[in-house]
Amino acid sequence: VKKVTTTKDNKTTTSYYHFKSILTITGCTNKGTVEKTGAGSNGFHLGGIAGTINSTYNAVEDKAEATITNCSNSGDIHNASTGEASAWTYTGGIVGYQRCKVGDISNCTNSGNITNSTKSTAGAGGIRVGGIAGGGDQPTFSDCSNTGTIKDDSASKNTEIGGICGRFTPGTKTTVTKCENSGKIICATTTGSGVVSIGGIVGNAQSPTEFANCFNKTGSKLSNSNTAVTTEYIGGIIGYNNTK
């Protein structure tokens with residue numbers, strides 16, 4: 001933000017000019033283990049390349065643009081933070097949480113195992129886990145793939161897991177093109193109630209979403225071993241979609 005003050009006819013005027021932030025990540029690789037343990041507030045977001053790509057401006061035109069392309073992760077990612085009960089926790093092979101006006105993710109791969117074991121999200125919060133991204137504000141995905149095992153054995157009442165993305169935030173239309181998953185997706189939460197959404201590509205798409213040429217391939221297995229949950233949605237491509 002740039003602040004400009006001008007004076008004319010003994011009147012002082014102050015204007016603020018917002019400059020769009022543009023982030024580009026290309027050709028990056030992570031092979032190491034990424035892990036978070038111990039207490040903390042408001043959840044923790046983990047990713048093999050980026051934990052969070054965030055825009056703090058409220059105005060849509062001021063939000064950041066981010067492009068992630070040709071990146072890969074083969075390291076195991078383990079999120080075992082003990083955040084507040086109201087926190088949402090995002091974990092992804094490439095990026096944990098993408099919160100931008102524009103978020104294009106293309107030609108990215110994950111082969112690492114991703115596990116979420118957070119223990120203090122029994123309240124309004126929950127778990128969002130994806131082979132490429134834990135969740136995001138209408139990101140677009142193209143030519144991305146996951147072969148790693150994705151597992152949630154947390155205490156969460158709300159679990160959203162996808163081979164590519166855990167959840168899209170409600171908003172404008174997003175697209176998922178030429179993406180595939182062959183990794184196992186396992187929900188083993190310990191909560192006595194709650195909602196589980198599991199998709200071979202996207203767990204929960206809370207926005208108008210267009211899927212094209214996406215595959216949940218041989219070798220994948222989508223499973224929920226917690227029979228105590230209130231509701232479960234499991235689908236080869238998408239677990240649950242609600243565009244209200």
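This note goes through the sheet, the cores, the aromatic pairs and the salt bridges of a predicted model.

1. Basis. The model is predicted, so local features need pLDDT of at least 70 and side-chain atom pairs count only at pLDDT 80 or more, while totals for chains, interfaces and linings use all residues. Residues are numbered from 1 along each chain as its sequence is written, and side-chain values use heavy atoms, with hydrogens and water left out.

2. Six strands form an open sheet, with parallel pairing, in the order 5-10-15-20-25-30. Strands are DSSP runs of E, at least two residues long, numbered from the N terminus. Two of them pair if DSSP finds at least two bridges between them. Strand 5 (34-39) and strand 30 (221-224) are the edges, and each pairs on one side only. From one strand to the next the twist averages 5°. Angles run from 0 to 180 degrees between N-to-C directions, with axes as lines fitted to C-alpha atoms.

3. Strand 15 (residues 114-116) and strand 20 (residues 150-152) run parallel and are joined by three bridges. In strand 20, K151 stands opposite T115.

4. G38 is found in strand 5. With 34% relative accessibility, G38 counts as partly exposed. The classes are buried under 20% relative accessible area, exposed over 50%, and partly exposed in between (1.4 Å probe, protein chains only). G38 touches A80, S81 and T82, leaving out residues up to four places away in sequence. Contact here means heavy atoms within 4.5 Å. G38 and T82 are 44 residues apart along the chain, yet their C-alpha atoms are separated by 5.9 Å.

5. The largest core. This nonpolar core has 24 residues. Such a core is a set of buried Ala, Val, Leu, Ile, Met, Phe, Trp, Tyr and Cys residues joined through side-chain atoms within 4.5 Å. The residues with the most contacts inside it are I53, I68, I105, C108, I132, F141 and C144. At least two core residues come from each of strand 7 (50-54), strand 8 (65-69), strand 22 (165-168) and strand 27 (202-205). Which residues does I53 contact, leaving aside neighbours within four places in sequence? They are L23, I25, A66, I68, V95, Y97, Q98, R99 and C100.

6. The second core. A separate core of twelve residues includes I77, I114, I150 and C187.

7. Aromatic pairs. The structure holds three. Rings of Phe, Tyr and Trp (its six-membered ring) pair if their centres lie within 6.5 Å; planes under 30 degrees apart count as stacked, over 60 as edge-to-face and the rest as tilted. F141 and F168 have ring centres 6.1 Å apart and planes at 20°, so this pair is stacked. F141 lies in strand 18 (residues 140-142) and F168 in strand 22, so the pair ties together parts that are 27 residues apart in sequence.

8. A tilted pair. The ring centres of Y233 and Y240 are 4.4 Å apart with planes at 35°, so the pair is tilted. Y233 is partly exposed at 30% relative accessibility. Y240 is partly exposed too, at 26%.

9. A salt-bridge network. Three salt bridges are found in the whole structure. The criterion is a side-chain nitrogen of Lys or Arg within 4 Å of a carboxyl oxygen of Asp or Glu. R128, E160 and R167 are linked in a network. R128 bridges to E160 with the closest N and O atoms 2.8 Å apart. R128 lies in strand 16 (residues 126-130) and E160 in strand 21 (residues 158-162), so the pair ties together parts 32 residues apart in sequence. R167 also meets E160, at 3.4 Å from N to O. Are these residues buried or exposed? R128 is buried at 6%, E160 is buried at 8%, and R167 is buried at 12%.

10. The K217 to E180 bridge. K217 forms a salt bridge with E180, with the closest N and O atoms 3.5 Å apart. K217 sits in the loop between strand 29 (215-216) and strand 30, E180 in strand 24 (residues 180-181), and the two are 37 residues apart. K217 is partly exposed, at 38% relative accessible area. E180 is partly exposed at 29%.

Methods: Helices (H or I, at least four residues) and strands (E, at least two) are DSSP runs, numbered from the N terminus.
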